[in-house]
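Subject: Structure handover and notes

Dear colleague,

Please find below the structure that I promised to pass on, followed by my notes on what was found in it.

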Amino acid sequence: MIRRPPRSTLSSSSAASDVYKRQAIELNDSSSRAYYQRGLLKASIQMYEEAVADYNRSIELDGNNLEAFYSRGESRANLEDFMGAIEDYDKMIEHAQNPALAYKQRGIFKMKIMDYKGAESDLALALDMDNTDKEILYNLGQVKTNLNNFDEAIELLSQALRIDPNYYLAYGTRGGAHIRRNNYRQAIADFDRAITLNNEYKRAYYGRGIAKALSNDYPGSIQDFNRVIELDNQFYQAYYNRAVSKAIQGNHKEALHDYDIIIKADPRNFEAYYNRGISRMNTRDTEGACSDFRRALELGYQPAEPMLRMYCRAN
């Protein structure tokens, strides 16, 4: 049976460092358990590479130490080595008596590398073993959304919310699935609930902004995108969609400012060049507009070609 390793309650990096140094001296260095425990302490202060090295040694000394595989998988995931984490959970699934947790974690890691079919299979197996785990339901709902199975996603996320009515992440993800089903009113209601539960949940504000824009509530969408940018000034999709909403309302000068920010952050964003060209055209900057249409076309955005033919023959 897999036991989740205990999480450290150490209060500071220096205190934890002192503890694991003492452990390294006091424990038998040839012991698999000693390396495993020291790895836990290092992981608790986010020294993940060093923790992985200790787990490696622990596993070399005892290849059946499933706790070491589990913890190494967690540390590898924190290092964004999801393939390595998946390998560790393969081992756990092979040997664990109750592998529900391992299937769940491996499914989450497969989702991180966009192996959605693999994630779907693992999370479905985990759900068969434990249909009361809200995190399994939530993550399987995310996977179904990415596979465009929106009705199934909505049902799974609703099940998670029946288990925990305050699960704001599930409201946010279900809101996204409702958008994909063109159910904008339901989406806004879900995002409203998510924001009530966590008023700093930027993805709920962003999703609600999208739903409002698709419902032709452009002033409301701009308010939500403003809030996203207050929470995260590097959330560039919020700048982009705020610019679109501003441009639709005829506020091209402010839209241009947002497009400038996006293009500075991502100089290959062909849609931003194209839309900035439209806003420049609407502010009578034909030369700047044509420059943007050309750049969009160079980057492969074909809708820019008719704009060049129509407006930029003399430029």
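Where is the place of Asp 217? Asp 217 lies in the loop between α12 and α13 (218-231), where helices are DSSP runs of H or I with at least four residues, numbered from the N terminus.

Before going further, please keep in mind that this is a predicted model, in which local features need pLDDT of at least 70 and side-chain atom pairs count only at pLDDT 80 or more, whereas totals for chains, interfaces and linings use all residues. Residues are numbered from 1 along each chain as its sequence is written, and side-chain values use heavy atoms, with hydrogens and water left out.

At 31% relative accessibility, Asp 217 counts as partly exposed (buried means under 20% relative accessible area, exposed over 50%, and partly exposed in between, with a 1.4 Å probe and protein chains only). Its side chain reaches the backbone nitrogen of Gly 220 at 2.9 Å, while the C-alpha atoms of Asp 217 and Ala 289, which are 72 residues apart along the chain, are separated by 27 Å.

Helix α14 (residues 236-248) has 13 residues and spans 19 Å from its first C-alpha to its last, close to the 18 Å expected, the expected span being 1.5 Å times one less than the number of residues. Its buried residues, including Tyr 240, Arg 242 and Lys 246, pack against α12, α13, α15 and α16 (270-282). Just after α14, Gly 250 takes a positive phi of about 90 degrees.

His 252 belongs to helix α15 (residues 252-265) and is buried, with a relative accessible area of 13%. Its side chain makes a polar contact with the side chain of Ser 279 at 3.0 Å (a polar contact is a pair of N or O atoms within 3.5 Å; within protein, one must be able to donate a hydrogen and the other to accept it, and residues adjacent in sequence count only if both atoms are side-chain atoms). Leaving aside neighbours within four places in sequence, His 252 is in contact (heavy atoms within 4.5 Å) with Ala 247, Ser 279, Asn 282 and Thr 283.

A search of the whole structure finds 13 aromatic pairs, meaning rings of Phe, Tyr and Trp (its six-membered ring) with centres within 6.5 Å, where planes under 30 degrees apart count as stacked, over 60 as edge-to-face and the rest as tilted. The rings of Tyr 70 and Tyr 89 have centres 5.7 Å apart and planes at 70 degrees, so this pair is edge-to-face. The pair links helix α4 (residues 66-78), which holds Tyr 70, to helix α5 (residues 82-95), which holds Tyr 89, and both residues are buried. Tyr 168 and Tyr 201 also form an edge-to-face pair, at 5.0 Å centre to centre and 75 degrees between the planes; Tyr 168 is partly exposed at 27% relative accessibility, whereas Tyr 201 is buried at 12%.

Notes:
Helices (H or I, at least four residues) and strands (E, at least two) are DSSP runs, numbered from the N terminus.
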